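This report covers the backbone geometry of a few loop residues and then the surroundings of the ligand.

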Amino acid sequence: MATLNQTMKARGNKMNISVIKSHGSKNDFIIIDEQKGLIVNDEQRAQLALYLCDRQKAIGADGILYITESGSAQAKMRVFNSDGSEASMCGNGLRCAARYIAERDGVQKFSVETMKAVLAVEKVESLYEDIPTYAVEISPILFDLASLPLQLNQETLFNQIVPEWHDTLRFSALAVPNPHLITQVTEKELISGLQQELAQSLNAPNQWFTDGVNVSFVVPLDQNQIFVRTFERGVGFTSACGTAMSSSSLIQAMLTNGETGIPIDVYNDGGRVKCVIHKKEDQFHHIDLIGNATFTDEYTLEFNDNELIPSVKHVKSTGEEIIYQRMAEASKEFIWGHIPGLRK
Ligand SMILES: N[C@@H](CCC[C@H](N)C(=O)O)C(=O)O
């Protein structure tokens with residue numbers, strides 16, 4: 001397969017690629033459609049993520065979604081975090097990729113190939129006013145600790161104190177299939193520095209998580225309503241993490257013996273989504289993650305003279321953010337009514 005250099009030579013050393021800046025619950029991503037002629041290898045994908053996600057130097061984002069051809073689905077989505085690491089899945093990103101593919105190919109209900117699963121996606125009724133809204137499948141759901149991986153002398157971890165991590169918090173771990181560690185906290189614990197301290201230690205070299213982990217603090221709000229804040233592997237704190245919100249809604253349902261098949265409102269620092277847990281033959285099978293897929297800006301990447309790092313030109317803002325902000329403000333007011341300590 002040709003690499004960037006070979007492609008550049010073929011195009012006389014200049015190549016412009018248009019890209020979209022998008023977000024799901026303000027978890028923001030740059031969408032790069034490789035089928036527009038950008039041919040890069042994995043090292044170059046990681047380098048581009050490091051550069052283009054830098055909020056000081058370039059566009060700025062939590063990650064890049066690379067859209068490529070698929071032999072088993074409408075298209076394939078690969079997600080690279082802002083630190084250049086590749087993740088197996090990205091829930092908020094899959095909604096943005098789904099919208100991009102839907103509008104590119106004129107489809108509304110289809111599947112997208114990801115690193116470890118082909119997942120169903122669908123354009124659905126808007127969550128608020130006419131915000132573009134998509135439902136995406138989050139699966140597989142894996143509780144065996146080897147799937148994360150997490151080294152503990154036990155098969156699974158559910159609602160359990162691990163003294164080496166904290167003396168009172170109870171933790172649950174699962175992979176969907178990226179790794180998540182979830183604990184229910186009080187408002188006081190949420191606004192303390194505890195989450196950053198724990199998440200940074202578990203994403204530095206340690207004896208438990210050899211490939212890092214996304215760490216979520218959950219505050220129950222009401223029946224079928226939770227607030228989730230996540231420190232993401234490979235990124236840090238984000239406004240929201242789709243796979244984390246999905247995983248947290250599942251753990252909350254398990255803790256409360258909640259019924260499956262009904263929407264759970266998951267609030268976050270960037271707004272809100274809905275999660276619906278599905279069982280099959282009495283086993284947790286998948287979670288539907290339903291939320292916005294907002295496109296905020298268009299950019300052009302101008303590659304010159306075989307250089308990997310492009311110059312970046314802002315083409316236009318789409319104007320969609322104004323509507324999303326109305327939903328985000330309404331969500332904030334609701335959250336502050338339950339967790340006043342979050343009101344800045
Ligand atoms: N924010 C994404 C998750 C992106 C990958 C994650 N940081 C990881 O490394 O597992 C989401 O919405 O799920």
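## Loop geometry and ligand site

Pro149 is placed in the loop between E8 and E9, where helices (H or I, at least four residues) and strands (E, at least two) are DSSP runs numbered from the N terminus. The model is predicted, so local features need pLDDT of at least 70 and side-chain atom pairs pLDDT 80 or more, while totals for chains, interfaces and linings use all residues. Residues are numbered from 1 along each chain as its sequence is written, and side-chain values use heavy atoms, without hydrogens and water.

The peptide bond from Leu148 to Pro149 is cis, with omega near 0°. Pro140 also belongs to the loop between strand E8 (133–138) and strand E9 (160–161), and the bond from Ser139 to Pro140 is cis, with omega near 5°. Most peptide bonds are trans.

The ligand is surrounded by 14 residues (a heavy atom within 4 Å).

| Residue atom | Ligand atom | Distance |
|---|---|---|
| Asn27, side-chain N or O | nitrogen | 2.8 Å |
| Gly91, polar backbone atom | oxygen | 2.9 Å |
| Asn214, polar side-chain atom | oxygen | 2.9 Å |

Of the 360 Å² of accessible area that the ligand has on its own, the protein covers 99% (Shrake-Rupley method, 1.4 Å probe). Helix H3 (91–105) and helix H6 (242–255) are the elements that give two or more residues to the shell. Domain 1 (4–138 + 293–327) and domain 2 (145–290) both contribute to this shell, so the ligand lies between them; the bounds come from an automatic or database domain assignment.

Note on methods: A polar contact is a pair of N or O atoms within 3.5 Å; within protein, one must be able to donate a hydrogen and the other to accept it, and residues adjacent in sequence count only if both atoms are side-chain atoms.
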